[in-house]
Every structure is written in structure tokens, then in C-alpha cells.
Amino acid sequence: MAGATSYEPEQSGSVDAAYDPNYVPDSVKSFVVHMYRHIREKNVYEIHQMYETSFQSISDRFFKDAPWPSVDAVAPYVDNDHVFCLLYREMWFRHLYARLSPTLKQRIDSWDNYCSLFQVVLHGVVNMQLPNQWLWDMVDEFVYQFQSFCQYRAKMKSKTEQEIALLRQFDQAWNVYGVLNFLQALVEKSTIIQILEQEKEGLEQFTSTDGYDYSGGSNVLKVLGYFSMIGLLRVHCLLGDYHTGLKCLLPIDISQQGVYTSVIGSHITIIYHYGFANLMLRRYVEAIREFNKILLYIFKTKQYHQKSPQFEQILKKNEQMYALLAVSLSLCPQVKLVDEAVNTQLREKYGEKMSRMQRYDDEAFALYDELFSYACPKFITPSAPSYEEPLVNYNQDAYRLQLKLFLYEVKQQQLLSGVRTFLKVYSTISLAKLATYMEVEEPTLRTILMSYKHKTHAVDSDGKISSNADLDFYIDDDMVHVVESKPTKRYGDYFMRQIVKLEGLMTDIDRIKLDI
């Protein structure tokens with residue numbers, strides 16, 4: 001495979017024929033020289049500015065529909081530095097994936113580059129400070145390219161003999177175990193779990209410094225390890241293993257501000273996958289609570305991200321999470337958990353559909369299907385295909401399986417919807433009377449009530465059983481007693497907010513010097 005500094009990009013049908021991989025415009029020379037210098041000087045602010053702004057503007061100007069110059073072409077301007085060339089190629093491939101269609105060989109070469117880069121981080125001495133945004137993008141893109149490769153490989157019908165031969169030859173490229181092992185190795189080698197534990201005891205300062213090392217060390221391994229926990233959550237969600245995904249995330253306390261909130265992309269990714277995993281595990285209250293928090297955050301801050309390269313992705317995930325919130329609330333009506341601003345947006349987008357989903361008929365079933373299909377992750381089948389004839393496309397198999405499991409759960413909820421309708425009306429009702437209303441035998445009703453209890457309770461990450469229901473009931477002799485949960489009013493939060501506002505006003509007033 002191609003080495004770190006001997007890469008010649010393969011021409012693909014989507015690349016302009018006039019593209020010369022060895023031509024380096026002056027702006028690119030200036031970019032790599034300055035970026036290299038700032039990295040050596042650990043000037044995180046300047047690196048971030050060049051990474052976020054300069055790279056995008058040069059791409060828009062010179063490389064809208066063509067790759068950047070090859071690493072061989074720029075290497076002489078950066079002392080042929082091995083690590084810088086790996087970082088440059090990482091950006092090179094990310095730009096290629098964003099603007100063009102990578103060939104199979106390019107996908108394999110990108111895997112090779114990630115292997116080399118992560119090996120250096122894991123086993124070398126990395127004396128750099130890189131912006132959190134870049135480190136997050138590395139992990140995010142690594143998982144995205146894995147997902148993209150699995151989807152690509154699963155479309156076997158359109159593969160040429162040459163592509164099949166390459167897939168056979170490089171069968172370890174983007175192997176699921178390789179991907180998981182790299183992410184897990186970064187978590188373990190960085191000792192990030194122990195660092196976060198020690199931080200709780202006041203022995204470490206990781207979150208308060210946003211993961212940066214102000215004593216002259218490097219933040220690269222620690223922050224990559226931190227973001228790899230989010231990467232593991234995402235990979236396991238793509239595989240449909242929600243329990244393991246949430247387990248990987250346990251060291252990060254998402255009820256608190258963390259390094260994950262320092263990058264909007266990681267903040268949205270962590271909550272989207274966390275919420276989706278909880279939805280699939282019937283932990284609806286947890287899903288609703290977290291979707292509400294992130295949607296409120298995006299609602300308040302999205303205007304600040306309009307110039308960000310991630311803005312379109314932010315808007316897309318925002319829409320998907322509103323759809324998932326609509327699904328969660330339809331299965332578990334807990335509107336009191338949703339902020340007024342979020343609820344207003346939700347009603348505008350899905351108010352009509354949500355009222356139809358409450359009816360639990362065939363139309364409602366179709367709406368659950370539609371919203372799930374729109375908002376779910378792009379599930380993958382990680383195993384390699386059988387290369388024998390006939391070649392079939394299996395890229396939709398994993399999605400269809402997850403959709404089937406979800407709709408099976410919805411069907412079960414539909415069967416219990418009648419119980420909730422009657423329990424909302426009565427505070428006490430006899431079993432015989434309820435059985436008559438529901439047109440079932442009394443023993444069948446007892447089974448339905450037990451099923452309702454089971455379906456409205458879920459086991460959380462700590463193994464505790466918690467209720468998702470907005471009402472509860474118990475049976476005493478032959479009477480059903482209904483207890484509707486009432487939200488506890490929290491006055492403290494309101495007063496604290498007002499005190500902070502008042503203190504801010506007083507500070508502003510103190511600054512004003514009156515001319516008398």
C-alpha cells in the first residue's frame with residue numbers, strides 16, 4: 001500500500017482531467033508552510049484559524065471539484081516531516097470525500113493513512129497541540145469513512161471484476177474489528193477513563209482546560225481517546241448494539257458540560273446517538289430529556305454557526321432529532337419534559353403527524369415507519385460479502401432489520417393503547433367494568449395490565465428499573481387504582497436564574513460612569 005509520503009492520487013471519473021497532483025499553487029505552499037510552523041510552535045489558535053478558515057477558503061477557490069495537491073508535491077515545503085504528511089493526507093482524503101466520489105483504491109489508501117496516523121499517536125512521541133475541532137473531525141471522519149465503505153461494499157451488483165479483486169486483496173481495509181480496536185486502543189492508551197475519574201476527585205483538570213495541556217505537553221492522545229468513546233457509541237449504534245454503545249459512553253457525564261460540548265459536531269453526535277440508543281431500548285424519558293436539551297441548545301445558538309463548514313450537518317441532525325422526539329413523545333406522552341420553545345417548533349413540524357400517530361391505526365403505523373426511516377442512523381452490515389455468484393446488494397439489510405424491530409415494538413404499544421385511554425379517564429375502576437369496556441375476558445385484561453406495566457418500565461444504565469409512564473396504577477382486590485404523576489415544581493431554578501440576571505445588571509450599572 002501507499003506509504004505516508006509516496007502517494008499519487010488515483011484519477012477517478014469525477015476528477016477534472018486537467019488536475020495535476022504535482023502542481024502546488026502559491027496559496028497552498030503558504031498554507032502548508034505556515035500550518036507546519038504553527039504546529040511545531042504549538043500555536044493552537046493559529047492552527048485552528050488556518051484549519052477552519054484558510055483550508056475552506058482555499059478549497060472553495062482552487063479545489064471545488066478537484067483534490068488538493070498530492071502529499072509528494074507539498075512534502076518538500078515541510079521538511080518531508082512524516083507526521084505532518086500524515087495529517088495533510090488526513091485532510092486531503094476528507095476533502096476528497098466531501099467534494100468528490102472516492103474510488104475503491106482511494107478508500108483503501110485512506111484506511112492505510114488512518115492506520116499510520118493512529119499508530120504514530122499510539123506508539124510514537126507526539127509533541128503537538130491540535131485544536132479540538134480537528135481531533136474531533138479525525139474520529140468523526142474515521143467512523144464516517146468506515147460506514148461509507150460498508151455501504152459501498154454492500155452494493156455488489158454494480159461491482160467490476162477489478163473492484164472485486166481489490167476487495168479480496170485488501171480484505172482487512174475498514175475491517176470492523178480493526179476500526180473498533182483502534183478506537184478502543186486510543187481510549188485505553190490515553191488513560192482518559194482514569195483521567196475523568198480523577199477529575200471527579202479534583203486531582204485532574206481535563207474539562208476545565210478543554211483537554212489542552214498548558215504545561216507544554218500534548219493534548220492529542222488524551223483528546224483523541226476522549227472523542228473515541230463517542231466514536232465507539234456511534235459505531236455500535238450503526239451495528240445495532242445499543243447496550244454496548246451506551247456502555248462505552250459511561251465515563252462521560254452528559255448531564256454536565258464537558259469537552260464534548262466544546263465542538264458543536266461532537267455535542268450533536270453524542271446526544272443524537274445517545275438519544276437514539278435509549279429510544280431503541282425503550283428508555284423514552286431519557287431520550288426525550290436529552291433530545292429536548294440539545295434541540296433547545298441548537299435553537300439558541302445556531303445563528304453563531306452559519307459560517308461553519310458543519311452548518312448543513314447541524315441543520316440536518318436538528319431536523320432528524322425533532323423527528324425522533326416526535327416518535328418518542330408519541331410512544332411515551334411526556335410533554336412536560338419538553339421546553340416551550342422546543343415544543344412550539346415540534347408542533348409546527350410534526351403536530352399533525354403526532355396526533356395521527358396517537359390513533360394507533362395503519363396510518364399511524366406508516367407514519368412511525370416514515371419518521372424512523374428519515375431520522376435513524378445509516379445502519380451497516382460489517383461483514384464482507386460472499387464473492388461467489390450471484391452477487392446481490394445487501395446494503396439495506398441492516399436498516400430493514402432495525403426498522404422491523406422498531407415497528408414490532410410500535411405494534412406492541414398499539415395493543416396497549418386502549419388501556420391507557422381508559423386509565424386516563426378513571427381514578428378507580430373495577431376489573432370487571434374495565435374488561436367490559438375493553439371487550440376482553442378478565443384474565444386477558446390482567447395479562448394486558450401486566451404487559452402495560454412491563455412496557456412502561458425500562459432498565460437504565462445502572463441496572464435500575466425506571467418508569468416511562470405518565471400515569472401509574474396498582475390493583476387492590478378487584479379494583480384498579482390510578483395514580484397520575486404530577487410534575488414537581490422547581491422554584492429554585494427560577495430564582496437562581498433571576499439572581500444571576502440581577503447580578504449581571506448590577507455589574508453593568510457599576511461600569512457606567514455618570515458625567516455630572
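This is a predicted model: local features need pLDDT of at least 70, side-chain atom pairs count only at pLDDT 80 or more; totals for chains, interfaces and linings use all residues.
Student: Take Trp111 and Trp174: why is the pair called tilted?

Tutor: Start with the centres, which are 5.1 Å apart; rings pair if their centres lie within 6.5 Å.

Student: Why does Trp111 count as buried?

Tutor: Buried means under 20% relative accessible area. Trp111 has 7%, so it counts as buried. Trp174 is buried too, with a value of 0%.

Student: Now Phe372 and Phe406. Why is that pair called stacked?

Tutor: Check the distance, then the angle. The ring centres are 4.6 Å apart, and the limit for a pair is 6.5 Å. The planes are at 15°, and stacked needs under 30 degrees. So this pair is stacked.

Student: Which parts does the pair tie together?

Tutor: Phe372 belongs to helix 16 (residues 362-375) and Phe406 to helix 17 (residues 397-425), so the pair joins parts 34 residues apart in sequence. Both Phe372 and Phe406 are buried.

Student: What sits over the ring of Tyr272?

Tutor: The charged end of Lys317, at 4.3 Å from the ring centre. The distance limit here is 6 Å. Likewise, Lys411 lies over the face of Phe365, 4.3 Å from the ring centre.

Student: On to cysteines. How many disulfides does the structure hold?

Tutor: The count is 0. Take Cys85, which is in no disulfide: the nearest cysteine sulfur belongs to Cys115 and is 18 Å away. A disulfide needs the sulfur atoms within 2.5 Å.

Student: And how do you know that Cys150 is too far from Cys115 for a bond?

Tutor: Its sulfur is 14 Å from that of Cys115, the closest cysteine sulfur.

Student: Are Cys85 and Cys150 buried or exposed?

Tutor: Cys85 is buried, with a relative accessible area of 0%. Cys150 has 2%, so it is buried as well, the cut-off being under 20%.

Conventions. Residues are numbered from 1 along each chain as its sequence is written. Side-chain values use heavy atoms; hydrogens and water are left out. Rings of Phe, Tyr and Trp (its six-membered ring) pair if their centres lie within 6.5 Å; planes under 30 degrees apart count as stacked, over 60 as edge-to-face and the rest as tilted. Buried means under 20% relative accessible area, exposed over 50%, partly exposed in between (1.4 Å probe, protein chains only). Helices (H or I, at least four residues) and strands (E, at least two) are DSSP runs, numbered from the N terminus. A charge sits over a ring if NZ of Lys or CZ of Arg is within 6 Å of the ring centre and within 35 degrees of the ring normal.
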